[in-house]
Amino acid sequence: MRRAGLCAAALVVAVALTAGAAPAAAQVELSGVWQPRYHEDFPERIPGPELRDYLGLPINDAARQFAESWDPSRITLPEEQCRVHVAPYILRGPTNLRVWVEKDPKTQDVIAIKMYSSTYEQTRTIWMDGRPHPGPNAPHTWMGFSTGRWDGDMLIVDTTHLKQGWIRRNGIPMSDQAAYTEYIVLNGDMLSHISVVVDPVFLAEPLVKSEEFIRSPRDLPAQTWLWVCEAVQEIATQTEGDVPAYLPGEHPFKGEFETKHHVPEFAIRGGPETMYPDFQARLREWAAKNPRPAPAPEKK
Amino acid sequence: MGGKEPAASPGAGEEVMRTRFNPRVLRIAAVAAAVAIGAGGAVVSRAAAQQNQNFDAVEMDVQRVSGNVYMVVGAGGNTTVFTGPEGVMVVDTQFAPLSDKLLAAIRKLSDQPIRWVVNTHMHGDHIGGNEAVAKAGRTRAGGNVVGDIGQAATATARIIAHENALNRLVKANPPLPSAALPTDTFFTERRDMLFNGEAIQMFHEPAAHTDGDILVHFRHADVVATGDLFTTVMYPFIDEANGGTIDGYIKALNNIIAITVPSNVNEGGTMVIPGHGRLSDEQDVIEYRDMVTIVRDRIREYVKRGMTLDQVKAKKPTLDFDRRYGTDEGFWTTSMFIEVIYKQMLAANPPAKTTKPAAARKGSK
């Protein structure tokens, strides 16, 4: 309970900080073109995560085994080359975001807020008209089914009916049972996006993330918004039905990440404990007992 | 539901999540009870299974899929309904006690006569309503057929299935009423028909869930009804007693993927009506195919290394998928899923007398 409380407290603080400078209007105008800032969690977002780095993610044993078995060659399969990042992950990528509002022409009531991501040409519809979420037999999509509501100047979005996707794209999965809640606030020309993923299949505790976007004063070139994918046979020897995977516990790059960054195995395994401040003390204790080896002298 | 217990001690947040998960667990239990009706060589323990289920509260949830193709979810296997000016085709008929509700749902979609019933396989949760649904319909027949046997030839809809399904159903004990049997059978790889202007293809998938499974592809509407060759709620039920095999099941999943065509972002396009669970598309089948193949490949490799069944179970080859598909209760547990794969892999891949160190990276082939 203490950790769940900490997590919730962190979220409240984060939302309060980002909402502090919001204008007083009842419904903030989010329309426009938004470009992401990548400074937060940059190594994970732009170069891409390193294999077997699960540090700071509140994953469970199921997610860990899934990731430890995940062979990146999976995405060479023609049927998997064009798979899209799900809504909870897509905003972390190099995406441009276009936001606009759809209104009832007769009443000018807001029906929906639309979000178009240049990555994978994905359009989200955030229904603002009070409609319910679909039932359990409706299909799941990459963007899911979203409904929104205003809490003061903060837009809160609830999304369900997501397809299976990634928590981190080095094999940590998010299941199609996940629920996704977003808190969106505007501070001048900066849009802050804070989200919580609850996944009963792969997460032991909720995952809280945040991103920032800056308003672009002008639209971007047309091609910036396109993403075209045509699957091809990338590996000639691959046969239909192949699913590349490692055996659990036999990841061929085991040891690489922890050696390169000098972090212990118990840290890179992730889990709820690795995302709380008191975990730093454990790391310091380990580092004191395990000093980084001196680099090998260069050969002349 | 012990099947959802995590391997490690949960934190407080995990406790909350497990509570949230309960509806899905309950749903799996319902499906398990439903499919159990068809399980086993005796084919139809229908009465026993039906006694354990209360169908009063079951409501038919109708999802429009594409064109005039609908998915009707009640209890038991999902039903596909295809309507048009020539009449109605019904793929799978759920449980017998639900026939009135199923027929009422169909009648809301079309007032045309039911011409065809198709059974994707022989399990009781997919054929239970055969008799009532067929009797609510009529067959178009003429010429010598009507002349020889009179009005009876047209009094009911015809029931299609693969021949292997009928061959097993006629051995049911207690026997099924003849009016419930799928007597319009085929034994070839494929059966084609044009109905309501729609090209409909039925593909036999041998030795998969059973030995008499068929996929039903509505080509123009672009919908595939898979029967239990794909579900979204449980591990594949490999009904060995009725000819099912894990390799055949994976082959069937790959054949579904071969039929389906998604958009350029791997979504939508051909829609897939699973035997149980929610409406799907190719990407959902891919995730499921990957899961089944990975589990099969792991167990196959462990068998090649000479491991016993207990040793394989100790390796937890399904750990990553158990919270999504597994259960420790009901007719088809995670343990049984592992056991049937182990047994079939052992038969196909007897361990070598001298084992070489295995490569870390394993593909499926």
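Of the 365 residues of chain B, 54% count as buried, a residue being buried if 20 or more other C-beta atoms lie within 10 Å of its own, exposed if 12 or fewer, and partly exposed in between, with C-beta atoms placed from the backbone. The structure is a predicted model, in which local features need pLDDT of at least 70 and side-chain atom pairs count only at pLDDT 80 or more, whereas totals for chains, interfaces and linings use all residues. Residues are numbered from 1 along each chain as its sequence is written, and chains are lettered from A and ligands numbered from 1 in the order in which they are written.

Chain B contains twelve helices and 14 strands; helices (H or I, at least four residues) and strands (E, at least two) are DSSP runs, numbered from the N terminus. Among contacts of chain B with a separation of 6 or more, 65% involve residues 24 or more positions apart, where two residues are in contact if their C-beta atoms, placed from the backbone, lie within 7 Å.

The largest nonpolar core has 92 residues. Such a core is a set of buried Ala, Val, Leu, Ile, Met, Phe, Trp, Tyr and Cys residues joined through C-beta atoms within 7 Å. The residues with the most contacts inside this largest core are Val90(B), Leu253(B), Ile256(B), Ile299(B) and Ile341(B). Helix α9 (residues 282-304) of chain B gives the most to this core, with ten residues. Apart from this core lies another, of 34 residues, which includes Leu162(A), Val197(A), Val201(A) and Ala267(A). In soluble globular proteins, nonpolar side chains tend to be buried together.

The packing of α9(B) on helix α12 (residues 334-348) of chain B was examined next. The axes of α9(B) and α12(B) come within 9 Å and cross at roughly 50°; axes are lines fitted to C-alpha atoms, for helices over the stretch in contact, and angles run from 0 to 180 degrees between N-to-C directions. The helices α9(B) and α12(B) are therefore oblique to each other, given that angles under 35 degrees count as roughly parallel, over 145 as roughly antiparallel, 65 to 115 as roughly perpendicular and the rest as oblique. Their crossing is right-handed, the term used if the near helix is turned clockwise from the far one by less than a right angle, with anticlockwise giving a left-handed crossing. On the α9(B) side, Val295(B), Arg296(B), Ile299(B), Arg300(B) and Val303(B) meet Ile338(B), Ile341(B), Tyr342(B), Met345(B) and Leu346(B) of α12(B). Leaving aside neighbours within four places in sequence, Ile341(B) is in contact with Ile246(B), Val295(B), Arg296(B) and Ile299(B).

An open sheet of six strands in chain B has the order β8-β9-β10-β11-β12-β13, with mixed pairing; two strands pair if DSSP finds at least two bridges between them. The edge strands, each of which pairs on one side only, are β8 (190-195) and β13 (280-281) of chain B. Strands β9 (residues 198-205) and β10 (residues 213-218) of chain B run antiparallel and are joined by six bridges, with Met202(B) opposite Val216(B) in β10(B). Helix α8 (residues 246-259) of chain B packs on the sheet, touching β9, β10, β11 (223-227) and β12 (271-274) of that chain, and its direction makes about 160° with that of β9(B).

The loop between β9 and β10 of chain B holds Ala207(B), a residue other than glycine with a positive phi near 50°. Ala207(B) counts as buried, with 20 C-beta neighbours inside 10 Å. Gln94(B), likewise not a glycine, has a positive phi of about 55° and is found in the loop between β4 (87-91) and α3 (99-109) of chain B. Gln94(B) is buried, with 30 other C-beta atoms within 10 Å. In α3(B), the buried residues are Lys101(B), Leu102(B), Leu103(B), Ala105(B) and Ile106(B); these pack against β1 (61-66), β2 (69-73), β3 (79-84), β4, β5 (114-118) and α5 (130-135) of chain B. A cis peptide bond, with omega about 5°, joins Asn173(B) and Pro174(B), and Pro174(B) is placed in the loop between α7 (163-169) and β7 (184-186) of chain B.

In chain A, strand β3 (residues 110-117) runs antiparallel to β4(A), and six bridges join the two. Ala112(A) has Trp127(A) as its bridge partner in β4(A). Four residues lie between the strands of this hairpin, in which Tyr120(A) takes a positive phi near 70°. Strand β4(A) also pairs with strand β5 (residues 145-151) of chain A, in the parallel sense over two bridges, and Ile126(A) stands opposite Ser146(A) in β5(A).
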